[in-house]
Amino acid sequence: MADDIKVIVFKLGSEEYGIEVEKVQTIERMMPITRVPKTYSFIKGVINLRGVVIPVIDLRGRFGIQEAEHTDQTRIIIVNVNEMEVGFIVDSANDVIDLNRDSIDTPPDVVGGIKAKYLDGVAKIGEDRLLIMLNLTEVLNKSEIVQLESLEG
C-alpha cells in the first residue's frame with residue numbers, strides 16, 4: 001500500500017496529466033485574473049483566493065501548446081511548489097485515481113511536445129490509457145519562481 005499514490009487527473013487538450021494529491025491545495029473554477037505587466041507570457045497574472053494573492057500560470061502556454069478558450073470545464077489547480085502557492089490553468093480536472101508507483105515509467109525525451117524535464121514519468125493505466133506525471137519543481141524553474149514570488153501579496 002505504501003507504493004500507491006493518489007493523483008489528480010487533469011486534461012490539456014486530449015492529453016491526460018497527473019499531479020500527486022498531496023501537492024494540490026484546491027481546485028477552483030475559472031475566476032477573474034488580474035494581469036501583471038512584464039512577466040512571462042504564460043504567467044497570466046494573479047487571483048485573490050480567500051484573501052491570498054496567488055500567481056496563475058496557463059499550463060498550455062507553459063508547455064508551448066496552443067492556448068484555448070476557457071470553458072465551463074476550465075479549472076485552476078492550486079498547488080504548493082517550494083513553499084509557494086501557484087495556480088495552474090487546465091482544460092479540466094475531473095478525476096482522482098490511485099496509482100501504483102511501479103506503473104510509472106521514466107519519461108521519453110519528449111511526450112506530446114513537452115520536454116522531459118517537466119515530467120516525473122508516464123503512468124500506464126489499463127490497456128490504452130497513459131497519464132503524464134508532472135514534475136512541479138521543473139514546471140516552475142528558479143528564475144520564474146523568483147519572478148512569481150515578487151507577485152505574491
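Helices, as H or I runs of at least four residues, and strands, as E runs of at least two, are taken from DSSP and numbered from the N terminus. The legends below describe a predicted model.

Figure 1. E69 is placed in the loop that lies between helix 1 (59–62) and strand 6. With a relative accessibility of 73%, E69 counts as exposed, because exposed residues are those over 50%. In sequence, 22 residues separate E69 from D91, while their C-alpha atoms are 9.1 Å apart in space.

**Figure 2. The open sheet with strand order 3-6-7-5-4.** Five strands form this open sheet, and their pairing is mixed. Its edges are taken by strand 3 (24–29) and strand 4 (43–49); each has a single partner strand, so one side of each lacks a neighbour in the sheet. Direction ignored, neighbouring strands of the sheet are turned against each other by 30° on average.

Figure 3. Strand 7 comprises residues 84–90; six of its seven residues are buried, so the strand is largely enclosed by the rest of the structure. Strand 5 (residues 52–58) pairs with strand 7 in the parallel sense, over three bridges. V56 has G87 of strand 7 as its bridge partner. Strand 6 (residues 75–81) runs antiparallel to strand 7 and is joined to it by seven bridges. Here I76 stands opposite I89 of strand 7. The hairpin of strand 6 and strand 7 has two residues between the strands, and within this hairpin N82 takes a positive phi near 50°.

**Figure 4. Strand 3 beside strand 6.** Strand 3 and strand 6 run antiparallel and are joined by five bridges. Across this pairing, E28 stands opposite I76 of strand 6. I76 also stands opposite I89 in strand 7. Which strand has the highest confidence in the chain? Strand 3 has the highest, at 95.

Figure 5. K38 belongs to the loop between strand 3 and strand 4. Its phi is near 60°, a positive value in a residue other than glycine. Is K38 buried or exposed? K38 has a relative accessible area of 83% and is exposed. R50 lies in the loop between strand 4 and strand 5. R50 has a phi near 50°, again a positive value in a residue other than glycine. At 64% relative accessibility, R50 is exposed.

**Figure 6. The largest nonpolar core.** This core holds 26 residues, of which F10, I19, L59, F88 and L134 touch the most other members. At least two of its residues come from each of strand 1 (4–12), strand 2 (15–20), strand 6, strand 7, strand 13 (129–134) and helix 2 (136–139). Strand 7 makes the greatest contribution, with four residues. Apart from this core lies another, of nine residues, including I5, V9, I97 and M133. In soluble globular proteins, nonpolar side chains tend to be buried together.

**Figure 7. The surroundings of I19.** Which residues does I19 touch when those up to four places away in sequence are not counted? The contacts of I19 are K6, V7, I8, F10, V24, I77, V79, F88, L134 and L136. Among these, F10, F88 and L134 are, like I19 itself, listed with the core residues that touch the most other members.

**Figure 8. The aromatic cluster of F10, Y17 and F63.** These three residues form one aromatic cluster. The structure has two aromatic pairs. In the pair of F10 and Y17, the ring centres are 5.5 Å apart and the planes are at 15°, so the rings are stacked; the cut-off for stacking is an angle under 30 degrees. Both residues count as buried, F10 at 0% relative accessibility and Y17 at 1%.

**Figure 9. Confidence along the chain.** The mean pLDDT of the chain is 85, and 84% of the residues score at least 70. Confidence is lowest in strand 10 (residues 110–111), where the mean is 58. Where pLDDT is low, the predicted coordinates should not be read in detail.

Terms used
Residues are numbered from 1 along each chain as its sequence is written. This is a predicted model: local features need pLDDT of at least 70, side-chain atom pairs count only at pLDDT 80 or more; totals for chains, interfaces and linings use all residues. Side-chain values use heavy atoms; hydrogens and water are left out. Buried means under 20% relative accessible area, exposed over 50%, partly exposed in between (1.4 Å probe, protein chains only). Two strands pair if DSSP finds at least two bridges between them. Axes are lines fitted to C-alpha atoms, for helices over the stretch in contact, and angles run from 0 to 180 degrees between N-to-C directions. A nonpolar core is a set of buried Ala, Val, Leu, Ile, Met, Phe, Trp, Tyr and Cys residues joined through side-chain atoms within 4.5 Å. Contact means heavy atoms within 4.5 Å. Rings of Phe, Tyr and Trp (its six-membered ring) pair if their centres lie within 6.5 Å; planes under 30 degrees apart count as stacked, over 60 as edge-to-face and the rest as tilted. pLDDT is the predictor's confidence in each residue, from 0 to 100.
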